[in-house]
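This report covers charged pairs and a nonpolar surface patch. Please keep the sequence and the 3D view side by side while reading.

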Amino acid sequence: MNEKLRQKLAAGETAFGLWVTSEASAVTEVAGMLGIDWICIDMEHGYLNFKDIQGHLQAARGTDMTVLVRPPSQDLEPIKRALDVGAHGIVLPLVDSADEVKAAYDHFYYPPIGRRGIGGERSVKWGLDLENYVKSANDELLFIPMIETQKSYDNLDEILGVDGIEAIFLGPGDMSASRGAVGEWEGPGVTEMNLDILRRAKEKGIGSGIVARHTDEAIQRRDQGFGMVSLGSDIGLMIRQIKQMAGELGKDTVGHRWF
């Protein structure tokens, strides 16, 4: 289920993705048609529920696009349920330590690695493919911790040393906030920290992901060597395009309120 993304990470190429915040499954359908490598459906912020997640996963069927879910917490229920509806992996938010990664492994992996329970939901084709799924899930699913706090940076070597981590995802905004620069994308020192995290992960054969806020930044992140680069979010990209077109048309032509 994650073959295309894994191949790009192994080859040192950049896999471009999309952050999904809307319940509209057409977003995922179009992303697959356009050849987007991966999407991350965000449950940490916003209003999406598991029915919405299932709709996005159904829209991705027939593509080679990786569908990740960022759960609202590191707890058992959201991790287990996201996997049960068919997520190809988890982007775990606000990781501070290797111990937190290991605790989340209990919810993510089937025995003997973890304690994930066996259910008859969508991931196993409602029980029709249970045996094949449970045999391969521990190897096929992707577990991606987010490095987005000062504590996670302080504990980076221990986190990167946990078995089974193929990629991490950086959160510059939250990293900045944890260092006192609330509301800044890359506060003082965070630019350098991002590149240091990228370098140290690469030395261990681990890919790094990050969000780009515009095309030039996506090019920059690709050239820096990030293996996963989000082109933005569905709603964010819509806003970006409308603002650009409005600016070129003259905002009085299309409306009077543009931030």
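A salt bridge here is a side-chain nitrogen of Lys or Arg within 4 Å of a carboxyl oxygen of Asp or Glu. This is a predicted model, in which local features need pLDDT of at least 70, side-chain atom pairs count only at pLDDT 80 or more, and totals for chains, interfaces and linings use all residues. Residues are numbered from 1 along each chain as its sequence is written, and side-chain values use heavy atoms, with hydrogens and water left out.

**Salt bridges**

The structure contains 16 salt bridges.

| Pair | N to O distance |
|---|---|
| E77 and R81 | 3.1 Å |
| D157 and R200 | 3.1 Å |
| R213 and E217 | 2.9 Å |

Side chains of opposite charge can pair when their charged atoms come close.

Take E77 and R81. Both sit in helix α4 (residues 76–84). Helices (H or I, at least four residues) are DSSP runs, numbered from the N terminus. How accessible are they? E77 is partly exposed at 46%. R81 is partly exposed too, at 37%.

R213 is partly exposed, with 42% relative accessibility. E217 is buried, at 4%.

Now D157 and R200. Their side chains meet in a salt bridge. D157 belongs to helix α8 (residues 156–160) and R200 to helix α10 (residues 190–203), so the pair ties together parts that are 43 residues apart in sequence. D157 is partly exposed, at 43% relative accessibility. R200 is buried, at 15%.

The R213 and E217 side chains are joined by their own bridge. Elsewhere, salt bridges that share partners link D157, D196, R199, R200 and E203 into one network.

**A nonpolar patch**

Which residues form the nonpolar patch on the surface? They are I235, M238, I239 and I242. Patches are made of residues with over 30% relative accessible area and no salt bridge; like charges are joined within 9 Å, nonpolar side chains (Val, Leu, Ile, Met, Phe, Trp, Tyr) within 5 Å. Together the four residues have about 340 Å² of accessible area. Such areas come from the Shrake-Rupley method with a 1.4 Å probe; for residues, only the protein chains shown count as cover. I242 lies in helix α12 (residues 234–249). I242 is partly exposed, with a relative accessible area of 39%.

Definitions and conventions
Helix = DSSP H or I, 4+ residues; strand = E, 2+ residues; numbered from the N terminus. Buried < 20%, exposed > 50% of the residue type's maximum accessible area, 1.4 Å probe, protein only.
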